[in-house]
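Please keep the sequence and the structure open while reading.

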Amino acid sequence: MIAPFIHNSFSGRVVFGAGSLESLPDELARMGAKRAIVLSTPEQHATAQRVMLALGDRGAAVFDQAVMHVPMEVALAAREFAKLHEADACVAVGGGSTIGLGKAIALSSELPIIAVPTTFAGSEMTAIWGITEAGVKTTGRDLRVLPKTVIYDAHMVRSLPASVAATSGLNAIAHCVEALYAIDRNPILTMVSEEGIRAFARALPGLVTGHATDEQWGEAQYGAWLAGTALNGVSMAIHHKLCHTLGGTFNLPHADTHTVVLPYATAYNREAAPEAMARIRAALGPWDDGDAASSLLALSKALGVPTNLKDIGMPFDGIELAAELAVKNPYYNPRPVERGAIIDLLTRAYHGERP
Ligand code: NAD
């Protein structure tokens with residue numbers, strides 16, 4: 001039986017394919033933009049400059065100060081930069097941090113964003129923004145920040161170091177896993193999420209070999225598109241709550257934290273979300289060992305990524321505080337979020353025990 005549901009569709013345009021960055025000037029022209037600023041992190045400055053050159057006379061200037069979690073002072077500087085250059089569009093070339101900066105500009109100015117994702121985090125498909133001020137990250141949803149066009153070009157991700165490609169992919173799988181047991185799930189996003197996991201399970205092992213083809217990078221980008229779509233359409237649960245808490249309180253690296261916590265959060269919901277578990281297992285294909293959580297851990301191990309919180313900088317004596325924070329304002333979760341059980345989850349994740 002199909003349970004009652006509500007599904008909202010969003011109208012962002014997706015241009016997909018190796019080499020599709022070439023269409024950027026046409027995409028700007030299509031939206032009537034004549035002076036685009038290009039955003040990047042300092043590390044991706046050279047890439048941003050290349051994009052700027054490709055824009056010809058539609059490119060205004062590069063702002064290369066994007067950093068993780070969009071600090072308010074960087075958002076304000078970027079907004080000023082956009083004004084100074086009389087920008088009428090913003091091309092965000094990067095991962096969630098750079099696209100997040102574009103969203104911070106769009107939030108106050110409605111400047112249209114063209115996103116050129118270079119990781120698999122999925123921010124390009126969402127209307128979710130976040131800005132950090134005095135150590136506190138405020139997030140919200142606003143359709144003004146949803147990129148108008150997203151260009152998925154495999155050539156833009158193949159510079160990702162193997163370890164970052166793998167953890168970024170697992171971060172995206174986490175969006176799909178939680179979408180499968182979301183309170184507001186619906187049949188379309190359930191299909192999207194299962195297919196997203198399937199795409200990554202196929203692509204990621206190839207990406208860490210150092211000899212991945214454009215087809216394999218493209219398959220992971222296809223997964224990222226699906227995962228971002230799922231993230232945008234439904235609410236996330238215990239996994240995302242824990243990752244936000246651990247990232248915000250202990251400054252743990254974003255994608256690594258998602259990678260380590262995912263098998264344990266999945267195990268937490270093992271009995272409460274049997275249909276989701278069956279779909280995760282089906283999507284994981286050759287990694288399926290009979291249990292969704294341990295199959296996800298097997299995939300992580302095969303990819304050679306961190307599999308315990310200890311190795312990514314979590315202090316052992318922070319577990320109780322993290323559990324308290326997670327229980328205080330919990331997101332919906334299929335299994336009730338209880339302090340003792342969360343301490344157990346985090347302790348297992350800390351040591352990398354069986355989920
Ligand atoms: P990121 O954007 O912070 O990038 C991580 C590092 O990798 C940076 O130094 C960057 O310069 C580098 N990098 C990115 N792409 C590269 C490439 N192709 N080659 C070489 N280096 C590359 O990482 P992320 O995981 O994409 O984003 C994390 C941030 O995005 C977090 O703040 C998270 O909260 C946010 N996020 C937001 C949403 C949303 O919907 N709003 C969704 C997912 C993530």
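Predicted model: local features only at pLDDT ≥ 70, side-chain atom pairs only at ≥ 80, totals over all residues.

Residues are numbered from 1 along each chain as its sequence is written, and side-chain values use heavy atoms, with hydrogens and water left out.

Student: How many of the 14 residues of α4 are buried?
Tutor: Helices are DSSP runs of H or I with at least four residues, numbered from the N terminus, and buried means under 20% relative accessible area, exposed over 50% and partly exposed in between (1.4 Å probe, protein chains only). The buried residues of α4 include S97, G100 and L107. Helix α4 is largely enclosed by the rest of the structure, because the number of its residues that are buried is 11.

Student: Are the rings of Y222 and W225 stacked, edge-to-face or tilted?
Tutor: Rings of Phe, Tyr and Trp (its six-membered ring) pair if their centres lie within 6.5 Å, and planes under 30 degrees apart count as stacked, over 60 as edge-to-face and the rest as tilted. By this rule there are 5 aromatic pairs. The centres of Y222 and W225 are 6.3 Å apart and their planes stand at 45°, so this pair is tilted.

Student: Which residue has its charged end over the ring of Y268?
Tutor: A charge sits over a ring if NZ of Lys or CZ of Arg is within 6 Å of the ring centre and within 35 degrees of the ring normal. Here the charged end lies 3.9 Å from the centre of the Y268 ring, and it belongs to R335.

Notes: Helix = DSSP H or I, 4+ residues; strand = E, 2+ residues; numbered from the N terminus.
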